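Welcome! Take a moment to look over the sequence and the structure, and then we can walk through some of the details together.

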Amino acid sequence: MDKILRINMSAPGGPAVKTEALGAYAGLGGRAMTSAVIAREVPPTCHPLGSANKLVIAPGLLSGSAAVMSGRLSIGCKSPLTGGIKEANSGGQAAQVMGRLGYAAIILEGKAPDDRLYKVFIDKHGVKVESAADLKGLGNYATVDKLAAQYGNKTACISIGQAGEMKMSAASIAVTDMEQRPTRHAGRGGVGAVMGSKGLKAIILDDEGLKMRTPADPEKFKAANKAFAEGLRKHPVTGEGLPAFGTNVLTNVVNEAGGYPTHNFKQGQFAGASNISGETQAALENERGGEGSATHGCHRGCIIRCSGTFYGKNGNFLTKQPEYETVWAHGGNCGIDDLDVIAQLDRMDDDFGVDTIEMGATIGVAMEAGLAKFGDGEAAIRLVQEVGDGTPLGRILGNGAAVTGQVFGVERVPVVKRQSMPAYDPRAVQGIGVTYATTTMGADHTAGYAVATNLLGVGGSVDALKPEGQVDLSRNLQIATAAIDSTGMCLFIAFAILDQPDTFNALVDMVGAFVGQPMTADDVTALGKSVLTNEREFNRAAGFTAKDDRLPDYFKNEPLAPHNVTFGVKDEELDTVFNW
């Protein structure tokens with residue numbers, strides 16, 4: 001990946017395409033690339049939907065190679081949801097295909113005039129920008145169907161649905177999976193709204209006739225890749241739990257631990273959890289003839305294979321296997337214990353192009369406001385339909401939980417930096433509370449997944465209910481995660497590399513062999529710190545202060561059942577997370 005593709009959407013006469021050398025961005029991939037470009041080229045105080053913002057799409061350092069688990073894609077911008085820097089991460093096929101096409105980044109600049117809508121086709125012969133007027137107003141499924149009919153069924157697509165076109169702050173960017181379905185999403189922070197503001201509906205990537213990227217040291221790379229894969233297969237989480245039940249294996253675990261946010265974060269346990277657990281979901285999928293979670297990855301090269309397929313009661317495909325965060329957001333958080341309702345909501349979210357976490361949290365706030373009753377699945381479906389239809393209420397909901405809470409006068413809104421919290425209550429999982437509060441991204445579990453250590457005992461053990469040790473845990477995980485996000489690796493590798501030193505060493509050796517420069521653990525730490533420094537400096541220049549690194553007050557004041565605990569990490573401790 002030795003080039004950057006820049007597309008100026010506001011160029012006279014239509015979008016202008018320019019390919020350039022990496023220059024100052026040489027050696028960067030994934031989140032390191034997106035955050036470096038945003039920090040260097042985007043004015044921190046610009047309007048997120050204005051022409052000065054940029055959307056950066058970057059595969060990881062290892063994407064497009066034979067490295068297992070290397071198919072994650074980073075998409076960065078200034079977030080219209082948080083007002084700070086954003087990197088949203090997605091699986092699917094695009095990162096692998098983009099890597100083989102040789103692009104380390106696609107950078108969208110400016111914005112198309114007069115609400116014009118475009119699509120971009122990229123293959124080994126070059127880049128074409130064409131009108132997408134025929135795709136205007138379509139959901140992601142219909143969009144991808146039309147693109148497949150035109151460009152073939154072996155391409156990878158990156159697209160937005162109606163929410164992105166309407167520039168809603170909860171809008172996601174869809175990435176097609178191995179079945180060319182738009183089921184993988186760079187969901188968080190409103191990246192889809194930024195793509196919509198540029199006037200771009202879709203990017204179609206075709207790597208026909210291109211080979212995998214080759215490592216600098218093939219023999220060392222092959223050996224390290226083999227050892228790394230063996231390490232993933234022998235770990236109980238990545239080798240057994242996730243392949244058997246998917247990410248939703250966590251429902252029973254987190255619920256039993258008392259950290260499962262229920263009814264808009266009022267309780268830590270949901271009475272209906274067993275009805276929507278990973279075990280129940282897998283049994284239902286297999287009963288209906290679905291592929292189950294044991295046979296399905298979201299991109300080529302995935303060996304954890306934690307995904308699956310959900311068929312409706314009629315026996316037809318409905319959506320991909322709903323993931324843990326989605327099942328919680330539209331399930332326990334809203335008091336809904338019907339997997340068919342949750343799957344329908346997942347399908348709608350993917351089609352309209354909205355973040356399932358943000359939408360589930362928003363519906364929970366709306367229920368607290370009295371727009372629907374907790375547990376009313378049909379009402380939840382109607383509310384999400386409002387988003388896709390772009391009604392006045394839909395536009396409120398489509399701009400997220402913070403806006404919805406403000407409009408309807410709800411005090412208890414579970415957000416940090418205006419981004420909604422995911423599926424772990426910070427009172428019962430205090431390490432993730434530190435991550436929610438301090439990450440540059442707004443409340444985000446993937447930025448420093450302290451749940452692994454707090455609840456699963458991975459990488460050691462830190463008592464989830466006590467504040468002691470949580471700052472150090474979150475700090476170390478945020479540094480490591482920023483580095484992992486830069487390689488194109490799936491975050492789930494963290495379970496194995498935290499528990500198994502030989503697996504971590506194999507990963508470091510694999511990266512070093514691929515780039516042709518031996519690496520150490522210190523190099524990984526330095527990379528993570530450099531990414532976080534870029535992001536922190538951008539946010540500071542955008543107006544963020546230490547006061548933004550806080551949880552809402554009610555997490556400190558309202559004890560959470562069943563443990564009757566509040567969030568106990570002091571503000572002055574939170575302010576030390578980035579002291580290294």
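This is a predicted model: local features need pLDDT of at least 70, side-chain atom pairs count only at pLDDT 80 or more; totals for chains, interfaces and linings use all residues.

- Strands of a sheet pair through backbone hydrogen bonds, and the pairing can be parallel or antiparallel.
- Here, six strands make up an open sheet with mixed pairing, and their order is E2-E1-E6-E3-E4-E5.
- At the edges you will find strand E2 (16–21) and strand E5 (85–90), each of which pairs on one side only.
- On average, neighbouring strands of this sheet are turned by 20 degrees against each other, with direction ignored.

**Cysteines**

- How many disulfides does the model have? The count comes to zero, with a disulfide taken as two cysteine sulfur atoms within 2.5 Å.
- Cys298 is in no disulfide, as the nearest cysteine sulfur, in Cys302, is 5.8 Å away.
- Cys306 has its closest cysteine sulfur in Cys302 as well, and because the two sulfurs are 6.1 Å apart, they are too far for a bond.
- Cys298 is buried, with a relative accessible area of 10%, and Cys306 is also buried, at 17%.

- Phe408 sits in the loop between helix H15 (401–407) and strand E15 (415–416).
- With a relative accessibility of 32%, Phe408 counts as partly exposed.

**Backbone details**

- Most peptide bonds are trans, and most residues other than glycine have a negative phi.
- The peptide bond between Ala561 and Pro562 is cis, with omega at about 10 degrees.
- Pro562 belongs to the loop between helix H22 (554–557) and helix H23 (571–574).
- Asn564 is found in the loop between H22 and H23 too, and its phi is positive, near 55 degrees.
- Lys417 also has a positive phi near 55 degrees, and its place is in the loop between E15 and strand E16 (419–420).
- Is Lys417 buried or exposed? Lys417 counts as buried, at 10% relative accessibility, whereas Asn564 is exposed, with a relative accessible area of 57%.

Conventions. Residues are numbered from 1 along each chain as its sequence is written. Side-chain values use heavy atoms; hydrogens and water are left out. Buried means under 20% relative accessible area, exposed over 50%, partly exposed in between (1.4 Å probe, protein chains only). Two strands pair if DSSP finds at least two bridges between them. Helices (H or I, at least four residues) and strands (E, at least two) are DSSP runs, numbered from the N terminus. Axes are lines fitted to C-alpha atoms, for helices over the stretch in contact, and angles run from 0 to 180 degrees between N-to-C directions.
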